[in-house]
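Student: I would like to learn how to read a few features of a model. Could we take them one at a time?

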Amino acid sequence: MSDFYQTGVVATLHRLGNHRFELLEQQLERFADQQPIALVLPALYSDFDGPAMDGILHELERVTYLRQIVLSLGRATAEQCREARERVSRLPGDVRILWIDGPRVQSHFATLEENGLHTGPEGKGRSCWMAYGYVLACHQADVIALHD
């Protein structure tokens with residue numbers, strides 16, 4: 001099966017075409033007025049060491065159509081989580097960090113496992129799954145976008 005297979009429930013945009021980004025952002029702003037948007041951003045702490053994360057954060061600073069940003073942070077110590085929180089503090093909207101290795105999230109994983117809900121192996125998929133649950137529980141957004 002090709003990489004472009006779509007189930008109809010979740011769309012993957014491989015090409016946005018030759019549209020002007022300003023027009024797309026205007027459309028997103030209008031859309032977000034009616035359907036608030038949350039962004040899930042999965043990351044390892046090591047992602048903050050490279051230039052890509054700085055570029056992502058720089059672009060997100062100017063985005064006005066996101067109601068909520070959830071950084072699902074993995075492989076981070078408590079100190080590294082604090083450093084990441086400092087770096088994302090400049091972003092607009094409701095910005096949250098889900099510290100995947102933190103005791104509270106790990107306690108949730110343990111409770112789920114104890115009750116027969118297997119969350120799968122440690123990794124980006126499980127981190128995103130937890131972030132989606134957080135977004136849904138907050139009731140702030142009707143649309144969840146993922147930047148991977």
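**Reading the model**

Tutor: Let us start with one residue; note that the model is predicted. Phe109 belongs to helix H4, which spans residues 103-114.

Student: Is Phe109 buried or exposed?

Tutor: Buried means a relative accessible area under 20%. Phe109 has 3%, so it counts as buried.

Student: Which residues does Phe109 touch, leaving aside those up to four places away in sequence?

Tutor: Phe109 touches Ile100, Thr119, Arg126, Trp129 and Met130. Take Thr119: 10 residues separate it from Phe109 along the chain, and their C-alpha atoms are 7.1 Å apart.

Student: Next, helix H2. Which of its residues are buried?

Tutor: H2 covers residues 51-61, and Met53, Leu57 and Leu60 are buried there. Seen down the helix axis, the buried residues of H2 fall within an arc of 65°, so they line one face. The general idea is that an α-helix has 3.6 residues a turn, so residues three or four places apart point the same way.

Student: What covers the buried residues of H2, and what does the face turned away from them carry?

Tutor: The cover includes strand E1 (37-44), E2 and H3. The face turned away carries the exposed residues Pro51, Ala52 and His58.

Student: How do I read the sheet, and in what order do the strands come?

Tutor: The order is E3-E2-E1-E4, giving an open sheet of 4 strands with parallel pairing. E3 (94-99) and E4 stand at the edges with a single partner strand each, so one side of each has no neighbour in the sheet. Neighbouring strands are turned by 20° against each other on average, direction ignored.

Student: How many bridges join E1 and E4?

Tutor: E1 and E4 pair in the parallel sense over 4 bridges. As for bridge partners, Val40 has Leu146 in E4.

Student: Which strands does H5 lie across?

Tutor: H5 lies across E1, E2, E3 and E4, and runs at about 145° to E2.

Student: Are Arg75 and His139 buried or exposed?

Tutor: Exposed means over 50%. Arg75 has a relative accessible area of 58%, so it is exposed. His139 is exposed too, because its relative accessibility is 70%.

Methods
Residues are numbered from 1 along each chain as its sequence is written. This is a predicted model: local features need pLDDT of at least 70, side-chain atom pairs count only at pLDDT 80 or more; totals for chains, interfaces and linings use all residues. Side-chain values use heavy atoms; hydrogens and water are left out. Helices (H or I, at least four residues) and strands (E, at least two) are DSSP runs, numbered from the N terminus. Buried means under 20% relative accessible area, exposed over 50%, partly exposed in between (1.4 Å probe, protein chains only). Contact means heavy atoms within 4.5 Å. The arc is that of the directions from the helix axis to the C-beta atoms. Two strands pair if DSSP finds at least two bridges between them. Axes are lines fitted to C-alpha atoms, for helices over the stretch in contact, and angles run from 0 to 180 degrees between N-to-C directions.
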